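Morning, everyone. Please have a look at the structure on the screen, and I will walk you through it.

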Amino acid sequence: MISSENLSVSYHGRTVLRNASVAANPGRVLALVGPSGCGKSSFLAALNRMTDLIPGANVTGQISFDGRPIDRVFSSRTELRRQVGMIFQKPNPFAMSIRRNIELALREHGLGNRDELRQITERALRDVSLWDEVQDRLDQSALELSGGQQQRLCIARAIALKPQVLLMDEPCSALDPIAAERVEQLIQSMREHYTIIIVTHNLGQARRLADHVAVFWTRGGVGEIVEYGPTEALFEASSNEIVKSYLSGERG
Ligand SMILES: Nc1ncnc2c1ncn2[C@@H]1O[C@H](COP(=O)(O)OP(=O)(O)OP(=O)(O)O)[C@@H](O)[C@H]1O
C-alpha cells in the first residue's frame with residue numbers, strides 16, 4: 001500500500017496542494033479527479049519524488065509504503081522509481097529502437113543478461129498486447145509507432161521493471177478514442193497485478209476503472225482533496241455539494 005498523509009506541495013513558496021491524505025492498495029485503482037490546476041499532477045509527481053527534479057518545488061508531509069516512510073523503504077531515488085513507475089499524458093518513448101526502449105530501462109537498473117533482457121522485453125510487449133504488432137520491427141525507431149502504440153510501449157517499459165505501483169497522469173488523454181479505449185482496457189487487464197493511481201479528466205473512465213476516487217478542488221487558490229472514498233459511494237451518494245455537482249458533470 002502507498003499512502004500520503006498531509007502531503008503539501010509548493011512551487012517557489014506558493015502552495016498549490018495542501019494536506020492531501022489518501023491510500024492506494026495493491027490490486028486496486030485509485031482515480032484522482034478534479035478541475036485543472038488543483039494539484040493532481042503535483043501530487044502524483046510527489047509520490048515518486050519527481051518533484052525533486054522540478055526547480056522551486058517543495059514537498060512536506062509523509063509518504064508511506066506498506067506503512068513505512070518511503071525514504072526508508074527504498075534506498076535511492078532510482079530504486080523508488082523502479083518500484084513506483086510513472087506513465088505520462090504524452091507518450092514519451094526514447095528516440096531509439098522499440099527494443100532498446102525497454103532494454104535500456106532494464107540495463108539502467110542493472111537487470112538481466114542479454115537473453116534475459118530479450119525475454120523480459122518480449123514478455124512486457126506481450127503484456128501490453130504490442131508484441132504481435134511490433135515483433136517484426138523491434139529494431140525500428142519507437143517514434144515511428146502510432147501514439148497509442150507509443151503509450152503501450154511506455155507502459156511496457158514501466159512494467160518490465162516489475163514495479164509495485166504505477167502512477168498514470170492522464171494516460172489516455174493525448175490519444176484518439178480507439179487508442180484511448182485500448183489503453184483503458186490494458187489498465188483494466190493489469191489492475192490485479194499493481195497498485196494503480198490514475199489522474200483522469202474523464203469521469204466515465206474514473207467510474208469504470210477506479211475502486212476509489214479522490215476529488216481534488218481549489219479553495220482560496222490552493223488545491224486540496226475534498227472527498228476520498230469508494231467510487232460508487234462518491235458517484236451515487238456523496239453529500240458534498242462540490243463533489244456531487246462535479247461528478248454529475250454540472251461543475252468544473
Ligand atoms: N513546475 C511548476 N512550477 C510552478 N508552478 C507549477 C509547476 N507545476 C505546476 N504548477 C502550478 O501548480 C498548480 C497545480 O498544477 P498541477 O499540474 O499539479 O494541477 P492539475 O490538477 O494536475 O492540473 P491539470 O488537470 O490541468 O493537469 C497550478 O497552479 C500550476 O500552475
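I will start with confidence, then go to the ligand, then to some helices and single residues.

This is a predicted model; local features need pLDDT of at least 70, side-chain atom pairs count only at pLDDT 80 or more, and totals for chains, interfaces and linings use all residues. Residues are numbered from 1 along each chain as its sequence is written.

So how confident is the predictor? pLDDT is its confidence in each residue, from 0 to 100. The chain averages 95, and 100% of the residues score at least 70. For the complex, the ipTM is 0.97 and the pTM is 0.95.

Now the record. An unreviewed UniProt entry lists residues 2-247 as "domain: ABC transporter". UniProt positions are given in the numbering used here, feature names are shortened, and annotations may be inferred rather than shown by experiment. That span is 39% helix and 28% strand. Its end C-alpha atoms lie 25 Å apart. Helices (H or I, at least four residues) and strands (E, at least two) are DSSP runs, numbered from the N terminus.

Next, the ligand. Which residues are around it? They are Y11, V16, S36, G37, C38, G39, K40, S41, S42, I54 and G56. To be near, a residue needs its C-beta atom, placed from the backbone, within 6 Å of the molecule or strand. By type, the shell has four nonpolar residues, six polar and one charged. Here Ala, Val, Leu, Ile, Met, Phe, Trp, Tyr, Cys and Pro count as nonpolar, Asp, Glu, Lys and Arg as charged, and the others, Gly among them, as polar.

Helix α1, residues 40-47, gives the largest share of that shell, with three residues. Is α1 mostly covered or mostly open? Mostly covered: eight of its eight residues are buried. Buried means 20 or more other C-beta atoms within 10 Å of the residue's own; exposed means 12 or fewer; partly exposed is in between; C-beta atoms are placed from the backbone. Among the buried ones are K40, F43 and L47. Just after α1, R49 takes a positive phi of about 60 degrees.

On to helix α5, residues 114-127. The expected span of a helix is 1.5 Å times one less than its number of residues. For the 14 residues of α5 that should be 20 Å, and the end C-alpha atoms are 20 Å apart, which agrees. Which residues of α5 are buried? I120, T121, A124 and L125. They cover an arc of only 130 degrees around the axis, which puts them on the same side of α5. The arc is that of the directions from the helix axis to the C-beta atoms. An α-helix has 3.6 residues a turn, so residues three or four places apart point the same way. On the other side of α5, D115, E116 and Q119 are exposed.

Helix α7, residues 147-159, has 13 residues and should span 18 Å; its end C-alpha atoms are 18 Å apart, which agrees. In α7, 12 of 13 residues are buried, including Q150, C154 and A158.

A158 also leads us to I87. I87 sits in strand β6, residues 84-87. Their C-alpha atoms are separated by 7.6 Å, yet I87 and A158 are 71 residues apart along the chain. I87 counts as buried because it has 22 C-beta neighbours inside 10 Å.

Last, E241, in helix α11, residues 241-247. Why is E241 exposed? Because 10 other C-beta atoms lie within 10 Å.

How values were computed. pLDDT = per-residue confidence, 0-100.
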